[in-house]
There are 2 protein chains.
Amino acid sequence: MMVLYSYWRSTTSYRVRIALNLKGLEYETRSIDLVAGAQRSDEYAALNPGQGVPTLVLQDGSVLTQSMAILDYLDALAPKPALLPADPLARARVMAAAHTIAMDIHPVNNLKVVGRLKGEHGASQDDGVAWMKHWMTEGFRAYQALLTLDSSKFSFGDVPLLCDICLVAQLYNAHRWGVDMSEFGRLLEIEKEAMKLDAFQLAKPEAQPDAG
Amino acid sequence: MMVLYSYWRSTTSYRVRIALNLKGLEYETRSIDLVAGAQRSDEYAALNPGQGVPTLVLQDGSVLTQSMAILDYLDALAPKPALLPADPLARARVMAAAHTIAMDIHPVNNLKVVGRLKGEHGASQDDGVAWMKHWMTEGFRAYQALLTLDSSKFSFGDVPLLCDICLVAQLYNAHRWGVDMSEFGRLLEIEKEAMKLDAFQLAKPEAQPDAG
């Protein structure tokens, strides 16, 4: 069975859990407690030189890192349901929306980045939260502006795609830190649709074995 | 002809320029002066809601944003030379290395992020440079640890792939800001090989029409 090194509150781990569930792939979770610094142990750093989660270890021992590269692999391993449209232009649009979150929000709000803002640059806890909220608000605005359909269940149609996976995982963080969602009604509707699906429900942070 | 909205020093624009050149695709450059704030004009924000570069406008007027999604599209449009291996596992490894730069370094060092560090959190110019150097050093260590071949010309063999494109563009920034490269000899060798190719030479920041 595949082994997913994951942390319950990590939104990148959350993305991979959703995809594994959507594709019906079985996996075993091993918790890496980011707050306790488990990602920096020698053993884990040998597995994942970036010292982050998730890491996916395949049945044959092959090690995959970086959540978006893992999602690309899973889409090749188990092509249905597809995470991206087949048409190159449609695919590029879904990917661009996904990257609005995966590139423009998540990395800047990563635990280690906010930690450095506080540790090296004297930011308070409140400053750190304001920093995270700022990038989420900006990123959600860009995401919402990329959507072309007003009434589909998900961002680009009636099935969840790569961008919806990134969005739903990021919305967990938005709620956690109290982002004002009043201008993002469309995104909340997408989240509500997603939460009707077992693949999303079972991937939720609160449903994980290491949830605190 | 395709139109690339680009800024000479933007490493994400640099990535797309390299790929267009490698694939022999003709394009016209339109400069968006990030330092002057041209990316925030109403006209440009309508084209690219993330208010960043690059944006690629196809001959039929279709608009593509997010550099990594643009590279994915170009790889479908002009499959040779391929930017990623065909084997899913090899592909995931090259993509993970690319994302070590595209996710873990670049977004955190983005102009708007470092700008906010200085503007809202009182960081000095020196603090901002130290911040950028820190994430580059950490990211380059992770990148180098992911490489499995010691003597190939590029990161995963003798042809440049997606990860090499991201690496070479990021190294421009590393030199610009004075990152200590003494532990990254392998990466400098890759850069040297890349610079023997016209596709990289012509994409260099200094070779752009808007170079200052």
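## Domains of chain A

Chain A is split into domain 1, covering 2–81, and domain 2, covering 88–199, with bounds that come from an automatic or database domain assignment. Over C-alpha atoms, the centres of domain 1 and domain 2 of chain A lie 20 Å apart. Their contact draws on twelve residues of domain 1 of chain A and 14 residues of domain 2 of chain A, two residues being in contact if their C-beta atoms, placed from the backbone, lie within 7 Å.

On the side of domain 1 of chain A that touches domain 2, α1 (11–22) and α3 (67–77) of chain A each supply at least two residues, and α1(A) provides the largest share with eight residues. By class, this side of domain 1 of chain A comprises eight nonpolar, three polar and one charged residue; Ala, Val, Leu, Ile, Met, Phe, Trp, Tyr, Cys and Pro count as nonpolar, Asp, Glu, Lys and Arg as charged, and the others, Gly among them, as polar.

## Basis of the model

The model is predicted, and local features need pLDDT of at least 70, side-chain atom pairs count only at pLDDT 80 or more, while totals for chains, interfaces and linings use all residues. Residues are numbered from 1 along each chain as its sequence is written, and chains are lettered from A and ligands numbered from 1 in the order in which they are written.

## Helix α6 of chain A

Helix α6 of chain A (residues 125–146) contains 22 residues and reaches 32 Å from its first C-alpha to its last, close to the 32 Å expected at 1.5 Å a residue. Helices (H or I, at least four residues) and strands (E, at least two) are DSSP runs, numbered from the N terminus, and the expected span is 1.5 Å times one less than the number of residues.

Among the buried residues of α6(A) are A:W131, A:W135, A:F140 and A:Y143, where buried requires 20 or more other C-beta atoms within 10 Å of the residue's own, placed from the backbone. Viewed down the axis of α6(A), the buried residues fall within an arc of 165 degrees and so line one face of the helix; the arc is that of the directions from the helix axis to the C-beta atoms. They pack against α4 (88–102), α5 (111–119), α7 (162–177) and α8 (185–194) of chain A.

## Chains A and B

The contact takes 34 residues from chain B and 34 residues from chain A. α4(B) gives the most to the side of chain B that touches chain A, with nine residues.

Conventions. A residue is buried if 20 or more other C-beta atoms lie within 10 Å of its own, exposed if 12 or fewer, and partly exposed in between; C-beta atoms are placed from the backbone.
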